[in-house]
Amino acid sequence: MSLYEILGTLETGFIFGLVALGAYLTFKILDFPDLTVEGSFPLGAAVCAALIVQGDWNPWAATGFAAVVGFGAGYVTAYLNVRFNILHILAGILVSISLYSINLRIMGGPNEPLLNVKTVFTAFEDLGYPGYMINPAFLGIVVIAIKLALDAFLATGWGMSMRAAGANPAMAEANGINVGKMKLYGVGLANALTALAGALFAQIFGAADAYMGIGVIIVGLASVIVGMSILPSRTIFLATTACILGAILYRLAVAVALNADFLGLHASDVQLVTAVLVMLALIGQQSGSSLFKIFKKGKKND
Amino acid sequence: MKNLTKIAMIGALASFAFSAAQAADMKKVAISTIVEVPALLDTKKGILEGLAEKGFVVGKNITLDYQNANGNMPTQQQIAKKFIGSNPDIIIPITTPTAQAMVAGTKNIPIVFTAVTDPIKAKLINTYKNNGTNVTGVSDAAPIGAQLDLYKELVPGLKKIGFIYNPGLDNALAALAVIKEQGKMRGISVMESPAPTTNEVILATKKLVGKVEAIYVPNDTTVVSALGAIVKIGQDVDLPVFTGETGGVAKGAAASIGLDYVEVGRVTGRMAGDILNGAKPGTMNAIIAYEAVSKFKVAINIGSAKKMGLTFSKSVMDRATDITK
């Protein structure tokens, strides 16, 4: 694995850290299994790409606006659930399948290239820094800043209300918290993060594509679970850290799987190898350091 | 955490040791595809044959790094990073998104894309001729004009043809635009019937029954997955079903003229071979496959066509390269 590849893995890992933070917010904090993200990730990509290419927008503004549109998507899902009592999972599915069509409309087709146009990343190239070094650093700073802002938000009165609404809705209602409103803003915020991730990813990938959302929810959830089991925590600060860490580890597992062809594995085995690596990490965590011991024993016998 | 890091390190070390063991004078070829479907596997096979024609054989004087993203774009992005990080002599991306991820990542390593329907729209190149960049390649736009001529010959009263497609696929949309244009020149109008998922294909087909004289199934993975169901409906109501890809004929479509994807791959492989021999991609014109290959596949399925109410004249039989009984 080259340094270039490792930095590239970090890059994608940080971006999916945002998706993991969103999944943490919905699944863990709000107890709202939100499937909208399969649609809001490509939505962010589509909005950003269309604004940059067709609208000639400043890439920073386009990226920011993509997050705002993502908020709207999440808000709609939560609204369907809160106002019309549609089951949360179904509400998410409905919004994400309609987003598929909407994304095609936004882009005017299934694929909007972002090659040879100004993106938030070209700004650094113009300064003379090599992209493969500066992009992960930039993304790291952005994602950590967003994580800290999220930590701070969840410690405010509003944030506390949101956590209460998820942890014990009845008690929260009894204390005068508008649980429905918390869901609307919370799911909106989670999808804003996901759409932001989509916008950033499209600019790195070189295109927004209608199929970009495939598997995003799985990766987001897996990141949260891997992160949480590796860094079990009671504080929000550690939990959000774990989310980002989980996302990076997941991408690292993919990178290792991509390099595992010398074991006689085929290119199509990547999914399986990734899954096995994630499983090993989880099992290893559960059984304390036993897996680690196995490695040590093996060494002694050599 | 420690465990995973350890596993990751072992993996990284082992792959490093492996690459270091390779002979230094071997050229490195990197091929990736977004997903493995028969046409794309044929393309890959053809690429290796084309490279061999130019004297480059895997294991002898080139090493091959082949990766499949399994339909997952973040994985595709990581494959791009892996390729570029290993600094190969050439990268050959199969399909549009794969090519975009590679082109976004490097302006130095030569890239020969293939199985991309419209490389200009995908912004991989800005012109087919002499683009001056590190990118060139092969477009797999279908020879739709030739197909329509054949269908008109087989169905004399052909005035309206049904077109089933997934509006989310670039190549399906490109085919729709071309079939409309080519149809106009031949007095054939096109009736669209969208099917965004495989489950909706049957309904989309039934909608066309009685309104069109034939059905055209473009090279669209979503719709092609349900080709069997379309063929069955066609046989039930005597409605000929044609495919944009000849591979569909063995599965029950009546006939097709098409690109042989092994041929498309060969054209790509030869270009890649020239680049390995020192040619610059920026001075090599990108190629539209149907203009570059001398032989097309003319595929007919006699048994299935008969059930759709079609028989083949001697002239068509003589031209056929792939006959399914």
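## A β-α-β unit in chain B

In chain B, strand β3, helix α4 (residues 96-105) and strand β4 form a β-α-β unit that is right-handed. The model is predicted. Strand β3 covers residues 90-94, and strand β4 covers residues 111-116. The two strands run parallel and are joined by two bridges. One pairing across them is that of B:I91, whose bridge partner in β4(B) is B:I111.

Strand β3(B) also pairs with strand β1 of chain B, residues 27-33. These strands run parallel too, with five bridges between them. Here B:V29 has B:I90 as its bridge partner in β3(B).

## Burial of strand β3

How many of the residues of strand β3 of chain B are buried? Five of its five residues are buried, so the strand counts as mostly covered, where a buried residue has 20 or more other C-beta atoms within 10 Å of its own.

In a regular strand, side chains alternate between the two faces of the sheet. On one side of β3(B) are B:I90, B:I92 and B:I94. On the other are B:I91 and B:P93. Each of these residues is buried, and both faces of the strand are covered.

## Domains of chain B

The contact between them involves six residues from domain 1 of chain B and six residues from domain 2 of chain B. On the domain 1 side, the touching residues are three nonpolar, two polar and one charged.

## Overall form of chain A

Chain A contains 13 helices and two strands. Its radius of gyration is 20 Å, close to the 19 Å that the globule rule gives for 302 residues, so chain A is as compact as a globular protein of that length. The C-alpha trace of chain A spans about 65 × 50 × 35 Å along its principal axes.

What share of the 302 residues in chain A is buried? Buried residues account for 53% of them. Contacts in chain A can also be sorted by how far apart the residues lie in sequence. Among those between residues at least 6 apart, 77% join residues at least 24 apart.

Terms used: Residues numbered from 1 in each chain as written. Chains lettered and ligands numbered in written order. Predicted model: local features only at pLDDT ≥ 70, side-chain atom pairs only at ≥ 80, totals over all residues. Contact = placed C-beta atoms within 7 Å. Nonpolar A, V, L, I, M, F, W, Y, C, P; charged D, E, K, R; others polar. Buried ≥ 20, exposed ≤ 12 C-beta atoms within 10 Å, placed from the backbone. Helix = DSSP H or I, 4+ residues; strand = E, 2+ residues; numbered from the N terminus. Pairing = 2+ DSSP bridges. Right-handed = clockwise from strand over helix to strand, strands pointing away. Rg over C-alpha atoms; globule rule 2.2 N^0.38 Å.
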